[in-house]
Amino acid sequence: MGQIEKTRLFQGNEACVAGAIAAGANFYAGYPITPSTEIAELAARKLPETGGKFIQMEDEIGSMAAVIGASIGGAKSFTATSGPGFSLKQENIGYAMMAEIPCVIVNVQRLGPSTGIATAPAQGDIMQARWGTHGDHPVIAFAPSSVRETFDLTVKAFNLSEKLRQPVFILLDEIVGHMRENIHIPHQDELEIINREKPLPDQPYKPYDEEKEVSPLASFGEGFSYNITGLVHDEYGFPTTDSEKTKKLLSRLQRKIDNHLEEIILTEEFGMDDASLVVVSYGCTARSVRQAVKMARKNGLPVGFFRTATIWPFPYEKISAFADKTKTLLVPEMNMGQIFGEVERAVHGQARVVGLNRFDGEMITPDEILQKILEVI
Amino acid sequence: MGRLAKIHEPYEINVKNEWCKGCGICVGFCSRNVLAMNADGKAYAQHPEKCVGCNKCEIYCPDFAISLGGLTDGADRKDKVISR
Amino acid sequence: MWCSGCGNGLVTGSLLRAIENLDIDTSKIAIVSGIGCSSRAAGYLNFQTLHTTHGRALAFATGLKMVRPELTIFVIMGDGDAMAIGGNHFIHASRRNIDLNAIIFNNNIYGMTGGQASPLTPQGEKATTAPYGAERNFDIMKVAVATGATFAARATTYHLPLLDKLIEKGVKNKGFSVVEALTYCPVGYGKLNKKGDATAMLNWYKENSIPVEKCTTVDHEGKITVGIHHHQAAPEFVEEYTRRTQGVKR
C-alpha cells in the first residue's frame with residue numbers, strides 16, 4: 001500500500017488498514033459490525049498480500065483474544081469494531097494491558113447506547129475507552145478527524161503499542177470512517193516504524209523487569225520459557241500476590257505512559273493568541289469547528305481553535321496553559337458531554353466552560369457552532 | 001507395570017515431605033501395602049522390602065511427591081520429567 | 001496450589017509424560033490455559049506458558065497458532081472454562097479443525113470458586129449452586145464430535161496410562177484434538193456428593209468406566225465411556241488458510 005505515489009481517494013476505514021499495513025501489521029482478528037466492517041473486509045483481502053493473516057472469529061471476545069495470542073506469537077496485530085463490540089472486548093483489553101502485549105484496537109463509534117443507530121455517527125465511547133475495563137490502568141486513545149490523519153495515527157498507534165507494550169485505541173467515528181478524501185499516502189521509507197524490543201538470547205530473560213520501564217518481549221516460538229498471565233506477576237511473569245510487587249507493577253504500567261506524554265499527546269491549534277473564546281474539539285466534530293472558527297475570525301471575532309488528536313491521556317496541561325488567557329472554552333461533542341468534565345478539570349475555574357452537545361445521530365454543523373460562539377462570546 | 005518379584009535389594013522409595021499433602025492415594029494404590037501415613041500425615045515406606053517397583057505410587061501421586069529410586073528407567077524418566 | 005488429593009496433578013503428570021514420550025523440542029511447546037484450578041497448571045510448567053482469561057484460552061491459542069503454526073499447543077481448560085463460558089470458542093475451534101490440543105480437566109464443577117455447578121455436573125448431583133440437584137448436563141465427546149473435532153477421547157484419572165496415550169495420539173492428530181480427563185474434586189464435588197476420599201473416587205472411576213469400543217455390545221447406561229470416541233482426519237485450518245492465500249500478490 002505504501003508504494004502509491006500520487007494522491008487518490010481513500011475512505012477513512014481504508015486509510016486505517018493502509019496505515020496498519022504500513023506500520024507492519026500482519027494479523028487481524030475481528031467480527032463484522034457497522035460502521036467498521038470495511039476494515040475487516042480490507043484486512044481480509046490485503047494482509048495476505050504482505051504475508052499477513054486474517055481470521056473472522058466467532059465473536060468480539062474471541063477476536064480480542066486471538067489478537068493478543070497472535071501478538072504473543074510475534075505478530076503486529078489489530079482489530080476493529082464499534083460500540084457493542086468494544087464493550088465485549090473490554091476484559092481482554094484489560095488483559096493486554098496487564099500482560100503488556102502490543103496490539104491496536106479501532107473503535108469506529110456509532111450512536112449508542114446498545115444497538116442505537118448502527119449507521120449514525122457519535123462520540124459516545126470516550127469514557128468507555130478510558131474506563132471500559134476494570135481496575136486502575138493507563139490508556140492511549142487517538143481520535144482522527146480526517147482520512148489522512150487516520151492513516152498517520154494508525155501508524156503512530158502501532159509504533160507506541162510496540163514501544164510501550166501497550167494496547168492502543170483509535171477512536172474513529174462513522175463520519176471519518178466512511179467519508180472519502182483525496183489523500184497522499186507517504187512512501188514506506190518516509191515512515192518511522194518501531195518494532196518491539198527483543199531479548200538477547202544468551203542472557204536470563206525477564207519479561208517484566210522491575211528495573212526497566214518496558215522490558216523486551218520474546219515471542220513464543222523463539223525458545224524463551226516464561227509465563228504470561230493476567231494475574232499480578234513477578235519479573236518472570238509468574239503469579240504473585242505480594243503487595244509490594246503488586247504496587248510496583250501497577251505503578252510501572254502507569255509510569256510508562258506518564259513518562260511519554262510529550263510523544264503521545266498530539267494537538268493542533270490556531271488563532272489562539274488573541275482568543276477570548278477557544279473551541280476545544282476532536283474527531284469529526286473538529287471538522288465543523290474548523291469551518292466555524294474560520295467564519296468567526298473572518299467576522300473579526302477573537303476565536304481560537306484547539307483540537308486534540310489524543311483523547312487519552314487527556315491534554316490537561318496544554319489546555320490549562322491557555323485557560324487563563326481566555327474567557328470561555330466551548331466544547332462541542334456528539335455526546336452528552338464526555339470530555340467536557342476533563343476540560344473543566346484542566347481549566348480549574350480560570351475560564352468559563354460551555355458545552356454544545358448533539359446526540360441525535362446528526363453532525364454538529366458549523367452554523368450551529370458559530371451560533372453558539374456568537375451567543376456565549 | 002507389574003514386575004516379577006525377584007530377589008533384589010529393596011527399591012528406594014523417596015517421599016518429598018514438603019510436597020506430600022497426605023491425600024493417601026499412594027497408600028490406597030500400593031498393591032503390596034508398602035506405604036502408610038506417618039504421624040505428621042505424610043506418606044512413608046512402612047515395609048520397603050515388600051515393594052516390587054510397580055511405580056504406581058509415583059504415577060498416582062498428584063503432587064509428584066513420591067518417586068522410586070533404584071528403578072533405573074524410572075529414575076531417569078523421573079529426573080527428566082521433574083527437573084526439566 | 002491444588003487441594004490434597006485433587007486429580008489436577010495427575011492429569012498434569014500425564015500431560016508431562018505424554019510430552020516426554022513424544023520427544024518434542026521444548027522450545028516448540030506452548031501451554032495456553034484459561035482460568036480455574038486446572039488452568040493454574042500453566043504456572044508450574046517450564047515451557048512457553050500463557051495463562052489467559054476465563055473461557056477464552058482456545059481463542060488466544062487460535063491467534064497464536066495462526067502466526068506460529070510450528071508450535072505444539074496444549075490448551076488446558078476446566079469443564080466450565082471450556083464448555084460453559086468458553087463454549088462458543090470451543091465449538092468454533094472444533095468447527096475450524098485448527099491444530100490445537102484441548103486438554104479438558106473435567107472435575108464436574110467449578111473448583112476454584114468452591115464447587116458450583118457446571119454444564120458437566122451430572123444431572124441431580126449436588127453443587128453449591130445446585131443444592132437441590134444439578135440441571136441437565138451434556139457430554140463433551142458428543143459436543144466435540146458434533147462440532148467437527150477430528151479427535152475426541154476421554155479417560156479418567158484412574159486410567160492414567162491410557163490418558164498418556166490419548167494425549168500423545170491427540171498431538172499426532174493434525175487438527176482439533178479434544179482429550180477429556182475426568183478428574184474428581186475431593187473437596188468440592190466429592191464432599192458434597194459423599195463420594196469418599198480421593199482413593200475412593202479413583203476406585204469409583206475404575207468400577208464405573210467402560211472402554212468405548214465395547215459400548216456397542218454392552219448396555220453402558222450411566223457408565224463413563226473411555227478411550228478414543230472419534231478420530232477422522234480432515235483439512236487443518238491454518239494449513240488450509242495458508243494454502244488458499246499462497247502467492248496472493250499486491
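Guide: In this predicted model, chain A and chain C together bury about 3200 Å², with 57% of that area on carbon and sulfur atoms. The size of an interface is often expressed in this way, as the accessible area lost when the parts come together. On the side of chain A, the residues that lose the most area to chain C are A:Lys53, A:Glu58 and A:Phe220, which together account for 20% of what that side buries. Counted by residues, 41 of chain A are in contact with 38 of chain C.

Let us turn to the polar features. Between chain A and chain C there are 17 residue pairs in polar contact, both residues being at pLDDT 80 or more. The count of salt bridges between these chains is 2. In a salt bridge, the side chain of A:Glu222 meets that of C:Arg68, at 3.8 Å from N to O.

Several elements of chain A supply at least two residues each to the side that touches chain C: strand E3 (53–56), helix H3 (60–72), helix H4 (83–98) and strand E9 (227–229). H3(A) gives the largest share of that side, 8 residues.

E9(A) pairs with strand E2 (residues 48–51) of chain C in the parallel sense, over 3 bridges. Within this pairing, A:Ile228 stands opposite C:Leu50 of E2(C).

Terms used: Residues numbered from 1 in each chain as written. Chains lettered and ligands numbered in written order. Predicted model: local features only at pLDDT ≥ 70, side-chain atom pairs only at ≥ 80, totals over all residues. Heavy atoms only, no water. Contact = heavy atoms within 4.5 Å. Buried area = accessible area lost by both parts, 1.4 Å probe. Salt bridge = Lys/Arg side-chain N within 4 Å of Asp/Glu carboxyl O. Polar contact = N/O pair within 3.5 Å; in protein donor to acceptor, adjacent residues only side chain to side chain. Helix = DSSP H or I, 4+ residues; strand = E, 2+ residues; numbered from the N terminus. Pairing = 2+ DSSP bridges.
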